[in-house]
Amino acid sequence: MAYEPFKEWDHLDIPAYLQPDPEHSYILCIRRGEDDGPHLTPEEEEHLMQKQVMETEGFDIDFKQFRCIFNYIPIDLDDNDLTMEPETTRELMDRLSRESLERYNEREFTLLKLPRKKM
């Protein structure tokens with residue numbers, strides 16, 4: 001069941017792009033060791049990000065491959081600033097992921113499932 005204010009939304013395809021503010025769009029080694037690869041230009045990273053978003057419809061992005069900051073960002077599941085009690089960010093993302101996958105399965109006639117993990 002869709003969240004009431006957004007019930008008319010079926011799905012939204014948003015292409016990946018670098019953050020427009022150059023001062024905040026490239027943070028060296030924020031997600032990996034300084035010497036870890038791949039060593040890509042911001043343009044190459046943007047292309048790789050777009051490829052991952054398109055191939056997985058945004059479900060599976062390997063953020064360890066990127067140093068640049070995009071409009072797609074990993075979420076800190078232990079930061080509860082995005083939620084309203086009693087729901088935690090971890091619970092919110094679990095719920096939204098499962099609801100999104102359920103709608104995807106209905107639209108694409110698939111039976112994909114997320115693994116059930118302990119919270």
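**Grounds for the assignments**

Modeller: Across the whole structure, which is a predicted model, a search finds six salt bridges.

Biologist: What makes D78 and R90 a salt bridge?

Modeller: The closest N and O atoms of D78 and R90 are 2.8 Å apart, and the cut-off is 4 Å, so the pair qualifies as a salt bridge. D78 lies in the loop between α1 and α2 whereas R90 belongs to helix α2, so the pair ties together parts that are twelve residues apart in sequence.

Biologist: Why is D78 called exposed, and why is R90 called partly exposed?

Modeller: D78 has a relative accessible area of 60%, and exposed means over 50%. R90 has 30%, which falls between the limits of 20% and 50% and is therefore called partly exposed.

Biologist: How do you know that K51 forms a salt bridge with E55?

Modeller: Their closest N and O atoms are 3.3 Å apart, a value within the 4 Å required. Both residues lie in helix α1, four residues apart, about one turn of the helix. In general, an α-helix has 3.6 residues a turn, so residues three or four places apart point the same way.

Biologist: What shows that the buried residues of α1 line one face of the helix?

Modeller: The buried residues are E45, L48, M49, Q52 and V53. Seen down the axis of α1, they fall within an arc of 135°, so they line one face. On the other side of α1, E43, H47, M54 and E55 are exposed.

Biologist: Why is the pair of F66 and F70 called edge-to-face?

Modeller: This is the one aromatic pair that the structure holds. The ring centres of F66 and F70 are 5.5 Å apart and the planes stand at 75°.

Biologist: What makes T83 count as buried?

Modeller: The relative accessible area of T83 is 15%, and buried means under 20%, so the label follows. T83 is placed in the loop between α1 (42–56) and α2 (89–108).

Biologist: Which backbone oxygens does the side chain of T83 reach?

Modeller: The side chain of T83 reaches the backbone oxygen of N80 at 3.2 Å, and a polar atom of that side chain lies 3.1 Å from the backbone oxygen of E87. Both values are within 3.5 Å, so both count as polar contacts.

Terms used:
Residues are numbered from 1 along each chain as its sequence is written. This is a predicted model: local features need pLDDT of at least 70, side-chain atom pairs count only at pLDDT 80 or more; totals for chains, interfaces and linings use all residues. Side-chain values use heavy atoms; hydrogens and water are left out. Rings of Phe, Tyr and Trp (its six-membered ring) pair if their centres lie within 6.5 Å; planes under 30 degrees apart count as stacked, over 60 as edge-to-face and the rest as tilted. Helices (H or I, at least four residues) and strands (E, at least two) are DSSP runs, numbered from the N terminus. Buried means under 20% relative accessible area, exposed over 50%, partly exposed in between (1.4 Å probe, protein chains only). A polar contact is a pair of N or O atoms within 3.5 Å; within protein, one must be able to donate a hydrogen and the other to accept it, and residues adjacent in sequence count only if both atoms are side-chain atoms. The arc is that of the directions from the helix axis to the C-beta atoms. A salt bridge is a side-chain nitrogen of Lys or Arg within 4 Å of a carboxyl oxygen of Asp or Glu.
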